[in-house]
Amino acid sequence: MTTVFICIAATSLSGCSVLRRGFLAPAGPIAHAERHEFFFVGAVMLVVIGPVILLAPLIAWHYRLANTKSAFRPQWGFSWILEGLIWVPPTLIVIFLAVFLVQRTEQLDPYRPIPSKLPPLQVDVVSLDWKWLFIYPTLHIASVNQLIVPADRPIQMHLTSGTVMQSLLMPRLAGQIYAMAGMETQLHILISKPGNYWGENAQYDGDGFVHQKFQVMGITPQDFDRWVAHTQQTPKTLDSEAYTSLSRQSILPQPITFGNVEPGIFSKIVHQMIPLGYAAQHEKAKSNGG
Amino acid sequence: MTFWHILLGRLTWTSIAFVRTWRDPTISGIIGGGAAAVAVGGAVVVLALLTYLRAWRYLWTEWMTSLDHKKIGIMYMVVAGVMLTRALIEAVVMRTQQAIAINNQGIVAPAHFAELFTTHGTIMIFFVGMPLLIGLMNYVMPLQIGARDVAFPYMNSISLWLTIGGGIMLMASLVIGKFSTGGWSGYPPYTELAFNGGVGPDYWIWSVSLSSLGALMTGINFAVTVYKLRAPGMTWMRLPLFTWTTLCTSILMIFAVPPLTIATLLLAADRYLGMHFFTNDLGGNMMNFVNLFWLFGHPEVYILILPPFGVYSEVVSAYSSKELYGYTSLVIATMAIAILSFTVWLHHFFTMGQSAPINAFFGIATMLIGIPTGVKIYDWIWTMFWGEVRLNTAMLFSIGFMVTFVIGGMSGIILATPPVDYMVHNTLFLIAHFHNMLIPGMLFGVIAGYYYWFPKAFGFRLSETWGRRAFYCWFFGFYLAFMPLYVMGLGGVARRSQELFDPALRPWTLIAEFGALLLLTGLACIFIQLYVSIRERHSTRVPVGDPWDARGLEWSMSAPPPEYNFATIPQVSRRDAFYWRKKYDGAYQPADHYRDIELPKNSMCGILVGMGLTACFFGFVWHIWWLAFLGFAIALGTAITRSFMRDVKRIIPAEEVAAHDRRWLDRAAAARPISRHLELTPENEGLAKWQG
């Protein structure tokens, strides 16, 4: 009741536009399937909880003390039929949901490549304080806080962290997987239609946390090739030195691009072979004590 | 090493909140300084008032050194009430921040906001949820099983003072230093030295350690009490449901709390001894912490939810004047939940990159818990069926719980589905879900139990008017505060955001803010209810002790009960023992023979051990090693000395017991039995008219 009321009230104010920010307005097959799963489980559960929401107040009201017409059997406390009704159907529903759960978990495993005619584009993702570094190893370019990819082509992401654990979420596309230092995780996404989307870190990691958002742009293959060619002209190179300076704690006012990338740098980052910029910062903070 | 450094460790001028506010008079700084002023001011006012009323001796002899489970239970509840007030105000500050800070900084700085969500979570779980329930269990469980006290009264006192010590550390962190910013789960490597060199994570580690040590001892204490101290004839399947849930919770505390203690101590080893259990480098792996933490954290959820389930079982049955429906089902369901709770911890991190079959396994295990939980809710509904339901405060909270809790159950099953969890994990959807479980599940249950057992503990009833007002605030406040969070979570808004960037969120944050204020009003109603009830106590007294025509042994003595609980240990011949005694006129009969009763003497050892360890841990936080050593020496010395004391019991002579019992029986004989229609009137002296 209240929920409905809230929704109506808020709709009249600004529309339920907030839902268009997330996976209920999917922009790719993964988010689409996850939305379907959400509505499916939600609908099944509504059937399960509906009777409770109706029965609890109704029975309490009908059998209220003031109602002298209702029956009173104080020593009644068991019925095999009711026992069967409260144990068996819920068990069947859980079995039913479990079958779907196994299937969908397998299908929507973030590690599972998305079937497509095109080969996946490789993107290596490094989470830093407080920004996201995207390396395109096959194209030898990199960008920070901006993920530009061709639409309709699967993207295979390998993630690690150059700092504390973070969680990559692109609400209208796919999510969420942790990025952890010294380890590698994977995520597959596909953008169905060209457009602008957004991504964020969902795991708190300090003062700049809320600013750790980035733009996800799905563009046509032609535009993508043009963008790659343009970016490759950028004079900056992502090498160990640049990474060290990038890994300092900072909030970037706007995205950065690198026209060249030191080969194998992602593997070096995963194996923590590059000194980190924040170390010096933290040494200083530690000596300040509080 | 200067003298000052040895004396004060890391403590400096700038550690004091007021000095920080003086140097940084921003709104955020002033809020922090104000909170510190309230903490200090509150302490000063309480101390001054105690001195003015000359209440110190009374407080010391009657309360602080008492080993009586009833008084310890009440003290737990008082501590929880203070902490609840702080943590709820923090919640309001956070909601206010989110309502204001859309594309602007708002009122609190990022680090301050992080402290707020960390202390809010830590307090609500460890210093509100746990103490409220431990307090309730402490008071009620021994009375329900016909025992004179818990199995280890002295250990009970240590548990209490360890919990209070943890609470003191949290309050101290308002004034001296800063608390952690790593959330209530304190995940490394964020909480490691490399990223957080300050005292914050240390405060978190040591205050949680104090609480977890106390909880472990409480678990052992209650489990042994239920195993060994049941009255003759109180067989397993005759235990009241609340005692069953107490037992299950105790077992959970014994098995689930140690992983937390280990995890925090290993983190401390990283921070203090330069080890690398959870660091990024040198072979550390934070995933071990996450596993250990949730190996505790998930059963913890059921530690918090099972005792309220017990309360609902008692309350619904008593206020429906009916036998509990499906007792056996409820016992099986409780045990099933307790066992299953150890098989689901991984659902807190479906997103950590393990394989699909593992996620599916834990998803299914999580959904399985829905079955016994659903059974319980239906059992309460069928208990009302064919009953005579009195829709008073406790029942309103119970029905409000059933209706609201299932919505949380629905979002729980949604979250248990790994593909959906990938999308809503770490968002406000998750926050809405667990508040949807804990506020109706835990807090409503505690309030219902408080209303139900209060007359037993204090001898007079609580105000119904203010109870209803509290219910409306809590019930509607909950929906207003948390339904918007579900919506925002579906929109991908991350939890713990101190600033938002989309104006479309504004209406939702404003509704949530209004809801939070309503919840705070609800808490105010609870306090006003207490004040009004004390003022009106002369017209609500129930000295005979059975104001609700209830069924368990705890209603079979005067209200408040004598310190030894039972003049003679009752014989139990069937479930709902007191109900059947009332039916066969055995309820208000003198015993054939009264015996001397042995009770534990008051002891200051509990407070010394508890405060000694608190001083020790406080020393650890600030690297004040002499204080750490001294505190530990006091705690250990007290424990050893106490173990050599032989004269720890006192005797209450049989004549005194008999005289007290006779006075109560005379009172009962003089009272007029009342029907349920007059329950909330001054006519109710605690003697029920048999209604078949």
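Which residues in helix 12 of chain B meet which residues in helix 13 of chain B? In this predicted model, Gly363(B), Thr366(B), Met367(B), Gly370(B), Thr373(B), Ile377(B) and Trp380(B) of helix 12 meet Met402(B), Val406(B), Gly409(B), Ile413(B) and Ala416(B) of helix 13, where contact requires C-beta atoms, placed from the backbone, to lie within 7 Å. Residues are numbered from 1 along each chain as its sequence is written, while chains are lettered from A and ligands numbered from 1 in the order in which they are written. Because the model is predicted, local features need pLDDT of at least 70 and side-chain atom pairs count only at pLDDT 80 or more, whereas totals for chains, interfaces and linings use all residues.

Chain B contains 21 helices and two strands, these being DSSP runs numbered from the N terminus (helices H or I, at least four residues; strands E, at least two). Buried residues make up 63% of the 692 residues in chain B, a residue being buried if 20 or more other C-beta atoms lie within 10 Å of its own, exposed if 12 or fewer, and partly exposed in between.

The axes of helix 12 and helix 13 (residues 393–416) of chain B come within 10 Å and cross at roughly 165 degrees, with axes fitted to C-alpha atoms over the stretch in contact and angles running from 0 to 180 degrees between N-to-C directions. Helix 12 of chain B is therefore roughly antiparallel to helix 13 of chain B (angles under 35 degrees count as roughly parallel, over 145 as roughly antiparallel, 65 to 115 as roughly perpendicular and the rest as oblique). The residues of this contact divide into seven nonpolar, five polar and no charged, where Ala, Val, Leu, Ile, Met, Phe, Trp, Tyr, Cys and Pro count as nonpolar, Asp, Glu, Lys and Arg as charged, and the others, Gly among them, as polar.

Helix 12 (residues 356–384) of chain B also packs against helix 10 (residues 286–319) of chain B, at an angle of about 15 degrees and with the axes 9 Å apart, so that the two helices are roughly parallel. Phe309(B), Tyr312(B), Val316(B) and Ser317(B) of helix 10 make this contact with Lys376(B), Trp380(B), Thr383(B) and Met384(B) of helix 12.

Between the chains, 84 residues of chain A are in contact with 97 residues of chain B. Helix 2 of chain A gives the most to the side of chain A that touches chain B, with 16 residues, and the residues of that side divide into 51 nonpolar, 20 polar and 13 charged.

Within helix 8 (residues 200–228) of chain B lies Asp202(B), which is buried, with 28 other C-beta atoms within 10 Å. Asp202(B) touches Arg271(B), Phe620(B) and Val621(B), not counting residues up to four places away in sequence.

Most residues other than glycine have a negative phi, and most peptide bonds are trans. Asp549(B), however, has a positive phi of about 55 degrees, and the peptide bond from Pro188(B) to Pro189(B) is cis, with omega near 0 degrees.

How values were computed: Two residues are in contact if their C-beta atoms, placed from the backbone, lie within 7 Å.
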